[in-house]
Structure formats: structure tokens, C-alpha cells
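Hi,

Here is the structure I promised to pass on.

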Amino acid sequence: MKKIVFLFLLQATICLGQKAQIVRGPYLQSVTPNSVLVHWRTDIPAPSRVFYQAKGKVLVAQDTAYVVDHVLALTKLKPATKYAYQIDSQSFDSNRYVVTAPAFGSKESVRIWALGDFGDGSASQKAVMKSIESYTQGNRPDAWIWLGDNAYSNGKDEEYQKYVFDVYQTAFLQNLPIYPSPGNHDYAGKHDPSLPPYFKIFNMPAAGQAGGVPSQSESYYSVNYGQVHLVALDTEMRESSGLMLRDGKGEQVEWLKKDLAANKLPWVVVYFHKPPYSKGSHDSDVELDMKSMRENMTSIFEQYKVDLVIAGHSHVYERSYPMRGHFGINETFDAATHVVAESTSPNHYNVGPKGQGVIYVVNGSGGKVGGQRPGFPMKSSVYTNNKIGGSVILDVDKRTFNLKWIQSDGVVGDEFVIEKR
Ligand SMILES: [Fe+2]
């Protein structure tokens, strides 16, 4: 009966000629050197059609099925190329475009924006967004990585609408590809990946199409972007075996080891939600999920010479020294033993053939801000800030890796450079 009523309404809508209105998006997923998935939502079921254009030539992708959640793949694109696109129209708009990823192995510089713990509807969330809009005018980010707790408080579809799509749509979502990772709020405090709307809203490049070893899981995946290998992990998902990332074993960890072993790019950034080291709004000395990340995962990051581990969850900014072998609580940190760096200044590291320590950044202040636990700032921190929100811009080419923490007031609060010979 329900089906008949639905079909009747659909027919009536078509007969009346009502045009479907876009109520979410468009937003860009799984961007590779040759393809992109364009997502959007309409108020009524409708066919999907995207016109896209490069160098004056207009192409079209379409699907005749009536849906409200649309996903269309644009394929056979050229690497590092800007395509204007439009939903069901050829009235192209200068802010609606996709730039495909650089060809695999490309040595051109890339700019990546990392944002954590943002979707709370706060004034700080909007200020952080504005600070990046203004800082990157003239040199826009190429890719956007999310550190989890993307939509408060329970990662519901309507929370994503209100606190993510309604906030970032115009300035970023229609032209900046997202490579997300989920947080505990996106999982509503649970651990079953079949539940969160997150996995319905986003499409991750799990088949290795963006580079890296195929993960065959939307929870974790990797992306080769210019000279940087980006690895997104899921600290919240419990595998059918009962294991989680923090246990340091299981399917996700086995995939991670294979992926990192196979990587040929000079720079590796691993990102996920719950940090191994923090004394902000969460405490890695005593909270089991973070303590276990420190005890069971940091040796893997060291073994595979990861350059940067960046996480959220703690609503502050914390940047560590390049470290190795610091597996204990904050008090056990000993600079003479644990700092591994060839440095020309506190903010300039050189990496020779022997490798380096891993730098850990916590930046869960893309919306939420503040908090400190006993021991803040950590002994292993070079710089911390729990007073103002912000987010991270990475500029990476073959030899140089530059990280800047852009505060919501536009000030560059922290910056360091790593150079590889
Ligand atoms: Fe969190």
C-alpha cells in the first residue's frame, strides 16, 4: 500500500512538473586524479544529472533512477584539472568546481586543511571557518581531512545538515574534496559501523582508487596526494572479532601495516580521532581508549617512519617534539631519551637517512574549544593552546613539509617545517 501511494505521489509530482530542489550539497567525495563522486540531496525523488566543463567543452553524467540521495561519478577526468560543474543545469557558477588530484607521483606542492571537532554550531566553528577562508584566499586547499566529531552530539543526519552542510556549503563543500574520519560523537558513543549516518553520507576511497593499499572498509583508507600519503583511521569501530584500533591488532591494524610498508611517497600523515598524547579536555594518562593508543599504536607509527600523526577529541591544540619510545604516562617523558630530531631551531627539523621521531599534533578545536587536565601542558609538548580555536594547514612538496596552526582570529599560532634530504 505504501509503495502504491509513493508511486502515485511520484507520478503526480512529475505530471505537475514540480522541479526537485537541492536541499543538501553538492559535495565532493573520493576525488582521484581521474574521477570524483558528486553527492547531493533533493527534496523529492528525481533523476541525477551533472553537467561539467573544462576548456569550454561540456560533458554530462546521468542516472535515470529517481532518488533523493544522489551520487554520480564523473570519470575519465584529467589530473590536476579544474572542472566547473552544475546539477541539472549548464549555468556554471565560479564557486562550484572540482579540481582533480595530481597525477600519482606528481611533485607539485599540495595544500591540505585539517579540521577536528567542529560541527557544534558555535561562533568559534564559524570563526575557524572564516579564518581559513581568508588565510587561503589566493591559495585554496586542495584537500580537506576531518579528524572526527564532525557533527555533534550524535552524528545524526539532521546534525550533519545543520552543523556541517549548512555551515560549510557555500565556501567549501561544493569545491573542496573531503577525506573524513569519524569520532565518538559521529558513532553516538557506540562502536558498530552499521549504525552511523556518517557512512551513508560519505563515500570513502576504500578500493585503493585514490592510491594506497585497498582497505575494502569505509572506516579506514589511504590517499596519495602529491608527495604525501594520507592515512585515515577509525578509533571508534569495533571489528567482528571484538578488536579495536587501540588494541594494536586486528584487521584495521594489519591493513595499516601493509599500507605503510607499501608506501613510496616521502611524507606520511596518519589521522584519526582519539590521540595517544593529550592533556586538553581529555587525558591520555588515564582514559583507556587514549592510553591504549599510546601503548599499542605509537610503536607502529615509529616503525614505518610516519612524519605526522594528527588527531582531535581533545578541544585544544598541542604539538609534540619529534618522539620515539615514549610509551608511558606524561611524567615519564624524558627529552634526552625520547626526542629524536636534527634541528636547526625549535621549529625547523631536518630528516636525514636515519629517519626521525614522530610529531603528534592534537587539534580538536575546530568548533569546540578549551579544557585542561592535570599536567597540561604536557612535558612532550613544544607548543599548546587551549584558549582559542583553530585548524591546521599543511603545505607539502617533495622536500618540505610545513604545518601552520591558524587560529580563529587569523593569527598563525604555531608553525614548523620539516625538510628531508
Ligand atoms: Fe571525541
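**What I found**

Let me start with a tryptophan: Trp255 counts as buried, at 6% relative accessibility (buried is under 20% relative accessible area, exposed is over 50%, and partly exposed is in between, with a 1.4 Å probe and protein chains only). Before the rest, some housekeeping: this is a predicted model, where local features need pLDDT of at least 70 and side-chain atom pairs count only at pLDDT 80 or more, while totals for chains, interfaces and linings use all residues. Residues are numbered from 1 along each chain as its sequence is written, and side-chain values use heavy atoms, with hydrogens and water left out.

**Aromatic pairs**

The structure holds 25 aromatic pairs. Rings of Phe, Tyr and Trp (its six-membered ring) pair if their centres lie within 6.5 Å, and planes under 30 degrees apart count as stacked, over 60 as edge-to-face and the rest as tilted. One of them is Tyr179 with Tyr225, which is edge-to-face because the ring centres are 6.4 Å apart and the planes are at 70°. Tyr179 sits in strand 8 (residues 178-179) and Tyr225 in strand 9 (residues 221-225), so this pair ties together parts 46 residues apart in sequence. Helices (H or I, at least four residues) and strands (E, at least two) are DSSP runs here, numbered from the N terminus. Tyr179 is buried at 0% relative accessible area, and Tyr225 is buried at 2%.

Back to Trp255: Tyr220 and Trp255 form a tilted pair, 5.3 Å centre to centre with 45° between the planes. Tyr220 is in the loop between helix 4 (198-201) and strand 9, and Trp255 is in helix 5 (residues 251-262), so the pair ties together parts that are 35 residues apart in sequence. Tyr220 is buried too, with a relative accessible area of 4%.

The charged end of Lys82 is over the ring of Tyr97, 4.3 Å from its centre. Lys420 lies over the face of Trp267, 4.4 Å from the ring centre.

**The iron site**

Which residues coordinate the iron ion? They are Asp149 (OD), Asn184 (OD1), His273 (NE2) and His313 (ND1), at 2.1 to 2.2 Å. Donors are N, O and S atoms within 2.8 Å of the metal (3.2 Å for Na, K and Ca), and water is not among the atoms, so sites may look incomplete. The arrangement is irregular because the 4 donor atoms subtend angles of 87 to 161° around the iron ion. For reference, four donors count as tetrahedral if all angles lie between 85 and 135 degrees; four count as square planar and six as octahedral if opposite donors are over 155 degrees apart and all others between 65 and 115; anything else is irregular.

Along the sequence, the donor residues are spaced D-x34-N-x88-H-x39-H. Asp149 is buried, with a relative accessible area of 1%, and His313 is buried at 3%.

Helix 3 also holds Glu158, which is exposed with a relative accessible area of 51%.

Strand 2 (residues 36-54) is largely enclosed by the rest of the structure, because 14 of its 19 residues are buried. Strands pair if DSSP finds at least two bridges between them.

- Strand 1 (residues 22-29) runs antiparallel to strand 2, joined by 5 bridges. They form a hairpin with 6 residues between them, and Ser30 in the turn has a positive phi of about 45°.
- Strand 3 (residues 57-74) is antiparallel to strand 2, with 14 bridges. This is a hairpin with 2 residues between the strands, and Lys55 in the turn has a positive phi of about 50°.
- Strand 4 (residues 82-87) is antiparallel to strand 2, with 4 bridges. Val50 stands opposite Ile87 in strand 4.

Cheers

Conventions. Lys NZ or Arg CZ within 6 Å of the ring centre and 35° of its normal.
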